[in-house]
Amino acid sequence: MNLWQGLAPSQLIVLAVLVPFVGALLVAATGKKPNLREAVTLVTAVTLFTVVMGITDLTLQGTPISLHIIDIFPGLSIQFDVEPLGVLFALVASFLWIVTSVYAVGYMRGNNEGNQTRFFFCFAFSISSVMAICFSGNLLTLFVFYEVLTLATYPLVTHAGNDAAKQGGRTYLGILLSTSICFLLFAIVGTYSLTGTLEFKPGGVFDDTHNKAIMGLLLVLFSFGIGKAALMPFHRWLPAAMVAPTPVSALLHAVAVVKAGVFSILKVAVYVFGIDGLSELTATDFVLYMAAATMVIASIIALTKDNLKARLAYSTVAQLSYIVLGAMLATTAGAIGGAMHIATHAFGKITLFFVAGAIYTTAHKKLVSELDGIGKRMPLTMAAFTIGAISMIGLPPAAGFISKWYLLLGALDVGQWVAVIALVLSTLLNAAYFIPIIYAAYFKQEKAGHHDTHGEASLPILIPLLITAAMTLLVFFNPDLPLALAKQMLEVSP
Amino acid sequence: MAEFIDLVLLAMLAITALRIIFLKDLFAVVMLFGIYSFLSALIFVSLDAVDVAFTEASVGAGISTVLMLGTLALTGRTEKENQHSSLLPLVVVVVTGAALIYGTLDMPPFGAADNPIHEHVAPRYIEESPKEVGLPNMVTSVLASYRGFDTMGETVVVFSAAIGVLSLLGVRRRKENESAESGLMEHRVLHVIAKLVIPMIILFALYVQFHGDFGPGGGFQAGVIAAAAFILYSLVFGLPRAFAVVSPTVLRYLAAFGVLLYAGVGVVSMLKGGHFLDYNVLAANPISGQHYGIIIIELGVGITVFAVMLSIFYAFGSQAERSDIK
Amino acid sequence: MNHVLDYYNYWIVVFLMMSGFYIVISANNLVKKIVGLNIFQTSVFMLYISMGKVSGGTAPIVVEGVTQYSNPLPHVLILTAIVVGVATTAVGLSLIVRIKRAYGTVEENEFENKDDAI
Amino acid sequence: MLEQHLAVLPILLPLMAAPIVLILGRNALSWGLAILVSGLACFVAWQLLAATLSDGVIRYAVGGWAPPWGIEMRIDTANAFVLLAVTAISTFVLLYSKESIKKEMDESQHGLFYTAYLLCLAGLSGILITGDAFNLFVFLEISSLATYTLVSLARDRRCLTATFRYLVMGTIGATFILIGVGMLYMKTGTLNMLDLAERIHAYDSSRTINTGLAFIMVGVSIKLALFPLHAWLPAAYTHAPSAVTAFLASTATKVAVYVMIRFIFTVFGAEHVFEDMSMDWILMVLAIVAIFKCSYMATVQSNVKTVLAYSSVAQIGYMVLGISLVSATGLMASLIHIFNHALMKGALFMAVGAVFYRMGSVDIKAFRGLGRLMPWTMAAFTLAGLSIIGVPLTVGFVSKWYLVTAALEQNHWVVAGLVLAGSLLAVVYIGRVLEAAYFQQPDEGQADVKEVPLTMLIPMWLLVLANVYFGVDTSLTSEAAKHASDLLFQNSDAISALMDSLHGPTAQAVSETSGLTGEVLQ
């Protein structure tokens, strides 16, 4: 439903970007009174969601929405164009922001963290730039807000301010900035000087007149330049970013930021090179193999991690490569699978992070090896964890199954056996590093010696993770909306 | 014949330069430099550049040498052996020199009357300037009128030099009791001579100032000469007395005034509807306009140069007296 | 031989320039550097004046019955250049005086190692 | 009545104000007058830029003598554009300097400071505006002498040795230029740049002229601190008073770059310099080495002023690189970077000066915890730093964009990659300072450090905002730079085209062509 009937479509975009931004300012203004501040955050989040809903409506009705802001270079402008994929992403992000805000309140207070105003300010600001990325109408705009997002999240990563945080921040900024400046910007300027445009065109901007080798080079530059997609070997920033408070890891480094990365790759694949264009490039296969390798290697690393958040981080790295792989399959099924995975992985992974945070706040445990028997103390939490894990592995009745299904289809109908094997392999690996946790949680005895007295986490923490877990199931049983958007994305492209 | 003199002088120059390279006694080095610039002044004469020769003699051999000696008095007169190898400089110099020699190889031959520079711009100066500007001394007309803007820049350069020296050294006024030991009070002969010479020098300065339109000379040389007169005075009678005659503050104002006078002429010609420094509009008849303009700006140059040179000397002098070197 | 007659003047001037230049970059004593700078510049002045010369010409001051004048323009330029030269010299020397007072020496290598680099 | 004289005013105003300031002697008054004059000059520069954009080149014969016999001021978009940057920055820095110099030089010196400052401004404007090769040398010397004075005004004794080195290097450079100009004059008999251009092209190749070119290039390279002739710059910028550094870093070297552009494109003509002498390769290599070597040097310094000084040398590299690409776009990139870099470095050095004002040191240790103690200053530093790095929505990004585009346009893919890689080093050396400011605790007894006075903050922030504004709305800068570079190219092509059709510099041929070129330029 669209609560914003009154407004012209283009104004909705302005709102989508401005609402969180204004929210950020209000947060900064009300910093003195925590309750008011949190209230502002929540209201902002809800408002934003309604706005995005409105945009979704219009998009599903097929109303094109676009908005031109200003020419930065002659003929090159900051401009926004709404298209289905962006809507899907925006929808997920804005919905999860509401949930995360609730969670964050509980978490930040539960661990009485410092600088909470700065935290919520930067958080809202990051969301605002995420919205801008979702609706960006050309590569320049995308790049601009991609960088803004990097800088906006930096203070969140270094929130703790201790050496570990500083070190993490260095890696984070170092990798994200250098990849984006050296490769992404290079690729963008390259594209511009070849094609003379940075528009997102259905079917891509390149044509047969362009040198395939150079196009291949550009594709590789794009894939590695979009460091937020955490394609190996440029994935190190993501585990490093885990020093941040859990809500950040949950929303930004499981959903918003990393999805901004893969989203950009999908957009480049579909709207700059075009599915058909991709299929003609040998470089596509190269990137696909990189993605496959990332899936497997990252899963193996995850297996070795005892720190829960670290394990989740590496699992994220692996899962992101699903989407890259989906894009590089250069088939409709693959692209749909990729798009779907943006949504499905989001719900699953955020649940897992919420759980990790819940355990940390209540039981003060970070390590997998400490979780024996925790299922008895926190049954609901661990139930949610189980659902999330199933979704990661890709079994029914969790959302992850759907996207993985499409990916598999895509891989099969182009006969990409490497992709098929990688998918299967990583599924097994996922199982290998999630099942033990669940097993330990429910069937092992608590370590003798210390006796925890805690039960479930406080409601503001518990409720959000239950909601996301529920969503994970819901999307499996009723995936129409995301599917519709994903399909629409490809319909507009011939 | 002229070539022969030329050659001899150049040879002497070369010897002097070589000597300077190897000498360690800075006093001798500076003296040789004085000689060097005198010799080059002679060359300038033999090459028909009388004005330049005049200036070179008064500045290079005069002011510069004096200032260098003043510095030596404060910094000691022998150069220490320097360890670091002189190979790299040698290479640089050889390369640069080679480049220059290469460059000379298709220069227009020395002294040929049909060289491009005698064909293109200069002819107008030579043929027209006496009519357009009305001065027999073409150098002055080019200097003050055709390229008057350069000369204004030159005046400003001198002015900036003064600013630099003042900000670096400043001029310290001293109490009377200190003044006793400064100067050369005990040499009676010097006093008498100085008293005789100084008025003549100033008179000569004025002559050079105003005769510049007709013969060699002009504001710059005049200013230097006048400054020389006061320098002599303060050497003999000591800085405090000199300060009493022309105080550093007055000199500051004079220096500034000279520049303003010069630029002022330009502004007036703008107000009178001409371009900046267009003297034609200064009077009903262009020629006399040119005349007024040139006289005034030459005066401006003279005043500034005089003031600057003298205050620079003051600055060094008061330093010397500060670290009482006898 | 003809070449030599045409250019001997320039060649010697180049030699003079370079000896001045050499003093500037090789000398370790600041005063000597400044002397070198002056020699360098004075020699450049000679280059200019030499090109202004017209054999058989006279100084560019109108005299009855003289038709062949040397070129006044280089003279003007060099007049300006000389002034610029002395201005620089003055500033350079007063810098030396201050350096002597601050460091107690005017030998480049000596005051270099009195301060940490830069 | 003033309209017709606009061309000389930017020189005349500061030049006449300087002696007046010396006479006034009252610091407050001098300050007021200086700002007034510099502001007016800035306004005039703006008028000139508008005029050149709308109706082409402005020529002004000083003394009413037509060129080449007299000296002419010649303003096209290129120098009007740089002039605007220079005068604007100088006005901001003057605003800033009132407080800043209180801490850095004796009360008695302030009058001299303003005088020297105005002289320097006059000199720089002169260099930019004049159309006469020798007149350029004169103004070069005015600005240099004033600069030496300004640098030596600091209290730290090391400024003296730094200035001396600067003076020796600078004078050598100037003398080289003098030699070069002499050689050109010897072959052409003229000093007016346009006239020179036409007559130079009359020779298909002359050793004397090529040597002249070489000497001028070397001389200018010293002045603009092109690697490896940059040795004088870091020391001078480090030990000069903060206000002076802020002014010089954002104007002096830029003007020198302009001189190089002017000589290459207007006097010698691009294809002669680049195709016959293949100087583009020399310049390109030097520029790239400069970018990496000096950016690296910047990352290992502990004195933040030195860091920025080395960064300046590296940035010069970017400008020269733009020139060496031999394309209108490349030239445009250089021009736009001249303008943008002035904005960045001005803001950065002002921020550093503010730190010195409070902490009495600009060592990186002094920056610890300033993020809290001097929030506005450090915020300014951060934004300007991001601009140096080249983050989108700042001018730094704009410069980089054009430079990379230009490189790719010429199919220099490697160069483009290097340009981008070079900016990573900027991340390091700016990042070091920011980490100290935001993540480290201030030393004992500095808890009471306050923010600097408004007269310092306001100009600083005006520049920072300019960094953002011109990073988002590039219409002015791109248009001006594009117009300028096209003009320069057109002009050097036109002259060579005309000259190929001619043999020898016969008088009437030249007079024709000067007419023709005149039209081409209009």
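Figure 1. As the model is predicted, local features need pLDDT of at least 70 and side-chain atom pairs count only at pLDDT 80 or more, while totals for chains, interfaces and linings use all residues. Residues are numbered from 1 along each chain as its sequence is written, and chains are lettered from A and ligands numbered from 1 in the order in which they are written.

**Figure 2. Where chain C meets chain B.** Of the 4 pairs of chains that touch, B and C have the most contacts. Here 68 residues of chain C are in contact with 84 residues of chain B. On the chain C side, two or more residues come from each of helix 1 (2–26), helix 2 (30–52) and helix 3 (72–103) of chain C; helices are DSSP runs of H or I, at least four residues, numbered from the N terminus. Helix 3 of chain C gives the most, with 22 residues. Sorted by class, the side of chain C that touches chain B has 41 nonpolar, 21 polar and 6 charged residues (nonpolar: Ala, Val, Leu, Ile, Met, Phe, Trp, Tyr, Cys and Pro; charged: Asp, Glu, Lys and Arg; polar: the others, Gly among them).

**Figure 3. Where chain D meets chain C.** This contact takes 25 residues from chain D and 26 residues from chain C. Helix 5 (133–151), helix 6 (158–188) and helix 9 (232–239) of chain D each bring at least two residues to the side of chain D that touches chain C. The largest share of that side, 14 residues, belongs to helix 6 of chain D. By class, the side of chain D that touches chain C counts 14 nonpolar, 8 polar and 3 charged residues.

**Figure 4. Helix 3 crossing helix 19 in chain D.** The axes of helix 3 (residues 77–104) and helix 19 (residues 454–472) of chain D come within 7 Å and cross at roughly 150 degrees; axes are lines fitted to C-alpha atoms over the stretch in contact, with angles from 0 to 180 degrees between N-to-C directions. That makes helix 3 of chain D roughly antiparallel to helix 19 of chain D (angles over 145 degrees). Among the residues making the contact are Phe92(D), Leu95(D) and Tyr96(D) of helix 3, along with Met456(D), Ile458(D) and Leu462(D) of helix 19. By class, this helix pair's contact has 9 nonpolar, 2 polar and 2 charged residues.

Technical notes: Contact = placed C-beta atoms within 7 Å. Parallel < 35°, antiparallel > 145°, perpendicular 65-115°, else oblique.
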